[in-house]
Amino acid sequence: MLDDIEKIVNRLKKDTNNIGDIVYRKKYIGKTKLYIIYNEPLASSDKISDFIIRSLTRIADSKVSSKKLLQVIENDISNFKVTTIDNYESLCFYLHRGFTILLLDGDREALVLETKADLARGITTPDTESTLRGSKDAFVEDYQKNIGLIKKRIRSNDLWIDPMVMGRYTNTQVGLLYVNGVAKKELVETIKKQLKKIDIDGIINSEVLKNLIEKENKNVLPTLITTERPDVVVNALLEGKVVIIVDNSPYALVMPAVLNDFFKTAEDYYGKWKNVSLTRVVKFFAFFISLILPAFYIALITYNQEMIPTELLVNFATQRDGVPFPAFVEATIMLLCFEILRESDLRVPSFTGSSLSIVGALILGDAAVQAGIVSPIMIIVIALTSISALPFTEPELINGLRWYRILFMLLASFLGMVGVVIAFIYFIIELTSLNSFGKPYLMPYAPTSFTGLKNSLIKFPAKKLKERREYLSNNTIKQRIGEDEKN
Amino acid sequence: MKKIKLLSFLLPLFFITGCFNYRELNELAITSAVGIDKTEDGYKTTIQIINTQKNGADTNSSMEQPKFVTYTSEDKNLQESLRRVILESSRRIYADHIQVLVIGEDLARDGIYDILDLFFRNSELRKQFQVVIARDTTAEDILKVVTPLETLNSKHIDEGLSVDNKYLGVGEVVDFEQLVASYLDSNKEIVLPSVTLKEKDEEGDNIENTESTEPAENVIESTMGVFKDDRLLDFLTEKESIALSFVRGKINNTVLSYECHDNKYVVSEIMNTKTDVSVESEPLKAKIKITGSLNINEVTCDLDLEDLKVVDEIESNLENELKNNINDTINTIRDEYNTDVFGFRDILYKSNPKYYREIADDWYDSVFKNMDIEIDVNFDFVEKGNSLKVIKR
């Protein structure tokens, strides 16, 4: 009941500790008193004076009876989005979203008018997932804009959005997107259930939500993709995946994601299949180099020297000459140095970045070798290891991989090549026991899915990719590309 | 909790391995070659160790260190002698990467059984290193020479033999595994390549050896040594070595020539050779069939290569040349050494074991010496070179 407006205004003032942000403007239309209430930082005062105040003045001039005032305002006001509410809670809800509330004395309902200020930055190019081809727009911090970027690409009734509000204090808008008829109902239900269980003070951005819905995954490797590219999201939606968009977060969450999905980039959808396949094979190698190389090197030069060709062994031995540390310690020092360098490079403002890289490259690379503290070959090994992690855009994957790298190195330094094999077996066990929202992590490979294999390590030509992956969607009939030509 | 319990049991397992077999690269003396000579009452072993030291911190320093060092030691038996090398070395001897085993001539003549046993028994060794005999010299002297082109003496021998085997055929590459296999097989006899020293006056064991365009001393490949059981009988001549390689099918590419006029020669490269040896029983007869392609390299007689008859003549002359060479070689080996290095016995055993058993006992007494040999050489003409006629004014 919103008829006693003075009481309501007082209550609101009391509840908000009467901060100056909320503007209460009293106005009379005829004899009817009304309050215009809005949240100043969130609402655009231009819109308010342009549309609301001007309309109200016009209505006041036309001398309508106070009985029908609400209907008249609702009808005549030049603001587009007009809603009526009838309780205090929804009044607060809209107030904190930048709406303007018109409280009419004696009326049980109040009018809510959209006057949001545009607080998000404009749409820019992707920073973290750049491609040579493909669209250049990226998500921003605004929920509506992000949804817009997706809707712009899927103009269909079947793009369904389940909106929800999460966070006790933040009341963050969260949207669960999927394509009706393509995404599996069970998957959508599971994720929805997961989301409903969440009761938390605040959802600051999508990464917070990620940790909450990924709860079952205790592994260090990620089971969902975060992306800032609308085209990646749209492709995922069309494959039958589910996407979560969180207000104030330029990253969308795409799930489920199996290991193979991290080997794909947006570029993959655009390239020729042979070229894409080669890139993926290279990435596959990079993945294993990044995982195993230091361990492999340690095992070779401290235990299994007989495996190295003689000339290479002499080469290694000459380079190792005079290095005071065991190979494992040497590798650990260098890896640690690189991690420090990487972390500082991320945190430091970009204008000091160049000096950092000079210091890093010179001191770590050249001077350390000159001083005889590390061998040049170790620099090569660590550099190759670190570079090999970079083709993967998902930071969680790179960061998770480090744990396994350390495990491999430890076992290699205790058991040599046998240790590497043991670590590898453990790694495979971990991967196979992992699943992403019910989908096995090694999905197209084990258990084998032929539709998945067609677009895994090798990307098949477009005309062979007519089916959706059956583990993502029940609707496998077509994947649009390549009509059969009867010839 | 359960996981932590499990981990607390599993983790120490890795730590209590005590890092078995852990060895840092810079604690190892990487051995590239081993040489064994005979002394009056035992063995003298020479170990060639790759010098992995950098030439000081200053890379511009003109001080150059030798790329390898050799240690020698003597004892009554091989293993003890090898172990005593440690007295000289500051690092552990690491023998996985041996490339060459050099056996002194004297030792080879006395029998190489002891060496075979030691190296075969050792589980740490790769068995693919080459075995050569130091002809007219000692293994020690061979391993001390600083060779040109290759920084490592052992690599010089190893690669040199392979190249020789590929393009000339005087030496056959025999690795340790093959050596042991042919020793263990009673139907086979051992052959080993040899290396020798080519000397000018000065000593070759210092680094200045490589500073002149013609090294004072160099290790060169020599001819094959033939064995009976584990004893070296003698070395063949170069011609005989090539013939032996042909019969054993170990040749691929070589050069043949015949004299077409006084001191004028037709020289040809023989490529893609194939040898097919079969031994027929009753009457016992070894059939050697050699095919290959001909490629004329050098003609100094006045021959018209456009004439097909001349070409045919060259072909048959070269075929006869090889045929005679092989025939002579087989006869020399039969008469002088009476050792079946050609492997006829093995072929007979494999093709007709029943018959073989009947004559096995008399093999060296009468059968081998008297068996018929039929040699069939067939070359295909491939190329005459760029010139069809002899270059003349």
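In the predicted model, the C-alpha centres of domain 1 and domain 2 of chain B are separated by 32 Å. Domain 1 of chain B comprises residues 26-55 + 63-235, and domain 2 of chain B covers residues 250-393. Their contact draws on 16 residues of domain 1 of chain B and 14 residues of domain 2 of chain B. On the domain 1 side of this contact, helix H6 (153-167), strand E10 (225-228) and strand E11 (231-235) of chain B each contribute at least two residues. By class, the residues on the side of domain 1 of chain B that touches domain 2 of chain B are six nonpolar, three polar and seven charged.

Between the chains, 22 residues of chain A contact 21 residues of chain B. Helix H10 (273-302), helix H11 (310-320) and helix H15 (395-415) of chain A each provide at least two residues of the chain A side. H11(A) accounts for the largest share of that side, with seven residues. The chain A side consists of twelve nonpolar, seven polar and three charged residues.

Within chain A, helix H12 (residues 327-347) packs against helix H14 (residues 376-389) at an angle of about 45°, and their axes lie 10 Å apart. H12(A) is therefore oblique to H14(A). The crossing of H12(A) with H14(A) is right-handed. H12(A) contributes Glu330(A), Ala331(A), Met334(A), Leu335(A) and Phe338(A) to the contact, while H14(A) contributes Met378(A), Ile379(A), Ile382(A) and Ser386(A). Seven nonpolar residues, one polar residue and one charged residue make up this contact of H12(A) with H14(A).

Note on methods:
Residues numbered from 1 in each chain as written. Chains lettered and ligands numbered in written order. Predicted model: local features only at pLDDT ≥ 70, side-chain atom pairs only at ≥ 80, totals over all residues. Axes fitted to C-alpha atoms, helices over the stretch in contact; angles between N-to-C directions. Helix = DSSP H or I, 4+ residues; strand = E, 2+ residues; numbered from the N terminus. Parallel < 35°, antiparallel > 145°, perpendicular 65-115°, else oblique. Left-handed = near helix turned anticlockwise from the far one by under 90°. Contact = placed C-beta atoms within 7 Å. Nonpolar A, V, L, I, M, F, W, Y, C, P; charged D, E, K, R; others polar. Domains from an automatic or database assignment.
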